[in-house]
Amino acid sequence: MIIIFKNWLWLINDSIFVYGIMRDSKYIYIGMTRKGIKRLLSNSHIINRRYGGIKETDQIHIWLCKERDVVELERMFIRTFKPKYNKQIIEKRNKRRKRL
């Protein structure tokens, strides 16, 4: 796993950012956090729970932003990069909504 940023200790606490997990030169997941990097690395994260976790060769890219912009930036990156695990999550949400 390669994490691309300098002086990373401040990311552990309550930092706000959008992140992308890249595997084989493609983003497989785009997410956002208000709890710093500990959210991404927790066992409860969907990548760790359902998709085998973060691999040694994966890259994690982090985009810093203001809290008011984090949701829109995440959506923009999902629309732009079309990560495969985000699509599966969106499809499951849409199926649940149709059933209601």
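This report walks through some side-chain pairings in a predicted model.

## Before we start

Residues are numbered from 1 along each chain as its sequence is written, and side-chain values use heavy atoms, with hydrogens and water left out. Because the model is predicted, local features need pLDDT of at least 70 and side-chain atom pairs count only at pLDDT 80 or more, while totals for chains, interfaces and linings use all residues.

## Salt bridges

Let us begin with charge. Side chains of opposite charge can pair when their charged atoms come close. Here a salt bridge means a side-chain nitrogen of Lys or Arg within 4 Å of a carboxyl oxygen of Asp or Glu. By this rule the structure has 4 salt bridges.

One of them joins Arg23 and Asp58, whose closest N and O atoms are 2.8 Å apart. Arg23 belongs to strand 2 (residues 17-23) and Asp58 to the loop between helix 2 (46-50) and strand 4 (59-64), so this pair ties together parts that are 35 residues apart in sequence. Helices (H or I, at least four residues) and strands (E, at least two) are DSSP runs, numbered from the N terminus. Arg23 is buried, at a relative accessible area of 16%, and Asp58 is buried too, at 0%. In these terms, buried means under 20% relative accessible area, exposed means over 50%, and partly exposed lies in between (1.4 Å probe, protein chains only).

Arg34 and Glu67 form another salt bridge, with 3.2 Å between the closest N and O atoms. This pair links distant parts of the chain, 33 residues apart: Arg34 sits in the loop between strand 3 (26-33) and helix 1 (37-41), and Glu67 in the loop between strand 4 and helix 3 (70-81). Arg34 is partly exposed at 38% relative accessibility, and Glu67 is partly exposed at 47%. A salt bridge also connects Glu72 and Arg79, at 3.3 Å from N to O. Glu72 is partly exposed, with a relative accessible area of 44%, as is Arg79, with 49%.

## Around His45

Now turn to the loop between helix 1 and helix 2, where you will find His45. Is this residue buried or exposed? His45 is buried, with a relative accessible area of 0%.

Which residues does His45 touch? Leaving aside residues up to four places away in sequence, they are Tyr19, Tyr29, Arg39 and Leu40; contact here means heavy atoms within 4.5 Å. The side chains of His45 and Tyr19 are joined by a polar contact of 2.6 Å. The His45 side chain also reaches the backbone nitrogen of Ile47 at 3.1 Å. A polar contact is a pair of N or O atoms within 3.5 Å; within protein, one must be able to donate a hydrogen and the other to accept it, and residues adjacent in sequence count only if both atoms are side-chain atoms.

## Aromatic pairs

Across the whole structure, a search finds 7 aromatic pairs. One of them is the tilted pair of Tyr19 and Tyr29, with 6.3 Å centre to centre and 35° between the planes. Tyr19 lies in strand 2 and Tyr29 in strand 3, so the pair ties together parts that are 10 residues apart in sequence. Both Tyr19 and Tyr29 are buried.

Tyr27 and Phe81 form a tilted pair as well, at 4.6 Å centre to centre with 45° between the planes. Tyr27 is in strand 3 and Phe81 in helix 3, 54 residues apart. Tyr27 is buried at 11% relative accessibility, whereas Phe81 is partly exposed at 35%. Together with Trp63 and Phe77, Tyr27 and Phe81 form one aromatic cluster. For these pairs, rings of Phe, Tyr and Trp (its six-membered ring) must have centres within 6.5 Å; planes under 30 degrees apart count as stacked, over 60 as edge-to-face and the rest as tilted.
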